[in-house]
Amino acid sequence: MTQAPARYDEFAEWYEQWIGDGPPLIAAHSELLPTVTGERVLDIACGQGRMSRYLARLGADVTGVDISAAMLSKARATSPDDIAYVRADVTRHPTWWEGRPFDGCTCELALMDIDDLAGILSTVTTVLRHGGWFVASIVHPCFPGSETGRNSWPPGAGYEREGWWTSPDHNPDGVRIRVGATHRKLSTVLNALLGAGLEPERFVEPPAPVPTYLLWRCRRR
């Protein structure tokens with residue numbers, strides 16, 4: 001089936017330059033990521049492959065999946081051959097998946113770019129083995145940001161307004177003016193994890209003057 005262009009297709013070149021190839025946010029919190037050596041790990045919404053390459057360097061058998069053909073082209077160009085990349089909509093049933101369960105899933109700063117949270121979490125629980133882990137990072141749902149920052153909710157709006165937004169007045173050097181973001185309240189995120197059968201084990205809020213990022217590790221029940 002032919003897939004429509006993704007939001008990031010138009011900005012893949014810019015995004016690769018903007019985000020760079022430094023360690024992912026998850027890497028800074030060793031208490032979250034289990035030992036992955038020899039484990040099969042699915043990197044969801046892998047983009048240009050930064051998290052996938054980090055996992056591979058730790059010894060994981062990595063598959064990255066993303067809806068953006070342009071981002072995957074960047075990932076393949078800068079990754080070792082033993083990382084498999086798949087173009088697919090991760091909010092739909094994974095017809096690309098051969099049925100062999102993954103030991104773990106990661107999602108680095110991407111859930112804000114995906115409108116269907118229930119759909120992506122359904123994919124996580126479908127492909128994970130029982131007891132498998134899901135480690136993710138997001139912009140904190142309670143992050144108010146500013147006109148030039150990475151707000152969780154729309155500038156001038158409030159925490160209660162959930163859904164996708166973009167702002168023509170946002171940071172001209174940032175990502176939200178280009179592809180927008182999907183804001184969800186903290187309770188929405190936590191209840192979605194529980195509803196998907198993902199049992200929280202640990203949450204991390206990196207030190208900051210205001211809540212900026214939220215990370216977690218869950219297990220499939």
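**Before starting.** I'm working with a predicted model.

**Entry: Tyr-54.** I looked up where Tyr-54 sits, and found it in helix H2, which covers residues 50-57. Next I wanted to know: is Tyr-54 buried or exposed? Its relative accessible area is 17%, and the cut-off for buried is under 20%, so I put Tyr-54 down as buried.

Then I checked what Tyr-54 touches. I skipped its neighbours within four places in sequence, and that left contacts with Pro-24, Ala-27 and Leu-33. I also took a C-alpha distance, from Tyr-54 to Ile-26: the two atoms are 9.9 Å apart, and the residues are 28 apart along the chain.

**Entry: strand E4.** I moved on to E4, residues 102-108. How many of its residues are buried? I got seven of seven, so this strand goes down as mostly covered.

Which strands pair with E4? I found E1, residues 40-44, running parallel to E4 and joined to it by three bridges. For a residue to look at there, I picked Asp-43, whose bridge partner in E4 is Thr-106.

I found E5 as well, residues 128-139, which pairs with E4 in the parallel sense over six bridges. Here I noted Phe-102, which stands opposite Leu-128 of E5.

**Entry: from E4 to E5.** Last, I followed the chain between these two strands. Helix H4, residues 117-127, belongs with E4 and E5 to a β-α-β unit, and I noted its hand as right-handed.

Conventions. Residues numbered from 1 in each chain as written. Predicted model: local features only at pLDDT ≥ 70, side-chain atom pairs only at ≥ 80, totals over all residues. Heavy atoms only, no water. Helix = DSSP H or I, 4+ residues; strand = E, 2+ residues; numbered from the N terminus. Buried < 20%, exposed > 50% of the residue type's maximum accessible area, 1.4 Å probe, protein only. Contact = heavy atoms within 4.5 Å. Pairing = 2+ DSSP bridges. Right-handed = clockwise from strand over helix to strand, strands pointing away.
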